[in-house]
Amino acid sequence: MKKRTQAKWNEDLIMNQSYTGRRFHIPEKFDIPTSSLPDEWQRKTKAELPEVSELQVVRHVVRLSQMNHGVDVGEYPLGSCTMKYNPKVNERIAKFSGFSNMHPNAPESAMQGTIEVIYRLQEAIKLITGLPGVTVQPAAGAQGEYVGLLIARNYFAKKGEMNRMKIMVPDSAHGTNPASAAMAGFKVVEIPSNHDGFVDMDALKAALDDSIAVFMITNPNTLGLFEPNILEISKLVHEAGALMYLDGANYNGIVGMLKPGDMGFDIMHLNMHKTFSGPHGGGGPGCGPVAVAQKLEPFLPYPLATYTEDSDYYHFDFERPDSIGRVHTYFGNFGIILRTLAFLYRNGGPGIRDMCKSAVLNANYLMYKFQSIKGFSVPFAKGVPRKHEFVASPLNLMRETGVNAGDIAKAILDYGIHSPTVYFPLIVKEALMIEPTEAETKFSLDRISEAFQEISDLAYSDPEIVKHAPYLTGRSRLDEFNLAKNPILSERQKQNQ
Ligand SMILES: Cc1ncc(COP(=O)(O)O)c(C=O)c1O
């Protein structure tokens, strides 16, 4: 099968390309009046910036980008992280000068369009989730979790139920769930999965008491399985006086098909960069809206965008005495809010439903293919269709050839395909978590499965070759242990070694 060779530029640091006095174009005279900063704010030493031409910068950045992989370059089946294609029209809309030049300190009357976009997204998310309160302020899914749990905390504090200081989290959960719970001041109670990968109901019942504030679950879970007992779980959790939290990172598997509010969820976060095609930043800027049930609405962060029909006026509501406060500067990452709304309006309800169906069909097609790759299996819930993703395990292949999931994840890079998420969820040995998304064609899905098939064949015939892959990427294997233990984070540090 055809492999893809990545560019290998021996690219030097931009600082090393610097030449004293070299400049971009600078206008000879600025007509902007200068004003000087107070003395204590002024630099005492010269800023160490590269002195380079515009062309040098462009070439440098393009060369670096060519040594990287992105969804615009090749397939990107990264489970749970949902690296879907971001239609370019979103970018055009985000550049509209009426939005991009808007100063966030402008008076409300001058930013009616901006507030309207935020308001409309809040309303769209209410409709999609079936939950009547929404903030679009958090900058990522993980921050959404933290915000959702702070809301729960303040809700119970207001009710005088300070005994509720524990969050129940299934053992298949993403690491951010227990981390957010701990940051919000809760203790974490881990609930084991049963042999099918679903919540162990006996363990859940045993752990439920009046110290529990929230049951936090990802549904579909990180195995791509939809929790069949979700209505019963909601009932039990509510009977115990606790709240239901949905981690919506896997929302691509159900969006448009059913509403989390109807499943009994009181709080959920969504990841716009996973479900509605916002770009994934390196940890941001993203958007992780939080949607809540009526009783939790007063605790949402301020400001919320509101609309008064009589005066046809959009407004930021800061008068929210029970609010947990602001969680982002200004109103959140507006560029992502705008891209999300553009994506939603372009697809409409039927389009979003089709998107979800295609994502699920693609994942199941690929899972079916993976089941016949020698040395691979798909653990848990045999015969149960997955939603948007599945987790394959090359455990037998590792036992028979010595090639492990990490080696396979490296070898796949030589095909110009990004690695799946590896070694997660923790309940699967040698996990390769695969999510093709709705954007891939059957041709690409076949390409992905054929590439894994070839790697398996090679592992059985010549495992050493796989153990040293990749060969065609800009960089091959890095010394991950030393990089983590003794990171060199600056050129100066490198020179001082
Ligand atoms: C299941 C799950 N929950 C939460 C998160 C955190 O989301 P974010 O990356 O938007 O902070 C992720 C991220 O991959 C995830 O997969």
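**The ligand and its surroundings**

I begin with the ligand, where a polar side-chain atom of S80 lies 3.2 Å from one of the ligand's oxygen atoms. Please bear in mind throughout that this is a predicted model.

How much of the ligand's accessible area does the protein cover? On its own the ligand has 390 Å² of accessible area, and the protein covers 88% of that.

Which elements give two or more residues to the shell around the ligand? They are α5, spanning 141-159, and α9, spanning 272-275. Of the elements, α5 gives the most, with 3 residues.

The ligand has 14 residues around it, and those that come nearest are G141, A142, D247, H273 and K274. Sorted by class, this shell holds 7 polar, 4 nonpolar and 3 charged residues.

**Cavities**

The largest cavity has a volume of about 90 Å³. Its lining is formed by P170, S172, A173, S193, G197, F198, V199, I217, T218, N221, T222 and E227. By class, that lining divides into 6 polar, 5 nonpolar and 1 charged residue.

The second largest cavity holds about 50 Å³ of space. Around the second largest cavity we find I118, Q122, T135, V136 and Q137, together with P303, A305, F316 and F331. What classes of residue make up this lining? There are 6 nonpolar and 3 polar residues, and no charged ones.

**The protein as a whole**

Finally, let us step back to the overall fold. The protein contains 16 helices and 12 strands. Taken along the principal axes, its C-alpha atoms fill a box of roughly 70 × 65 × 45 Å.

Why may we say that the radius of gyration agrees with that of a compact globule? A compact globule of 497 residues would have a radius of gyration near 23 Å, and the protein has 25 Å, so the value agrees with that expectation.

Thank you for your attention.

Definitions and conventions
Residues numbered from 1 in each chain as written. Predicted model: local features only at pLDDT ≥ 70, side-chain atom pairs only at ≥ 80, totals over all residues. Heavy atoms only, no water. Near = heavy atom within 4 Å. Polar contact = N/O pair within 3.5 Å; in protein donor to acceptor, adjacent residues only side chain to side chain. Areas by Shrake-Rupley, 256 points an atom, 1.4 Å probe, with all protein chains shown as cover. Helix = DSSP H or I, 4+ residues; strand = E, 2+ residues; numbered from the N terminus. Nonpolar A, V, L, I, M, F, W, Y, C, P; charged D, E, K, R; others polar. 1 Å grid on protein atoms, 1.4 Å probe; cavity = no way out; pocket = protein on both sides within 12 Å on 5 of 7 lines; lining within 4 Å. Points joined across faces, edges and corners; volume = space filled by probe spheres on them. Rg over C-alpha atoms; globule rule 2.2 N^0.38 Å.
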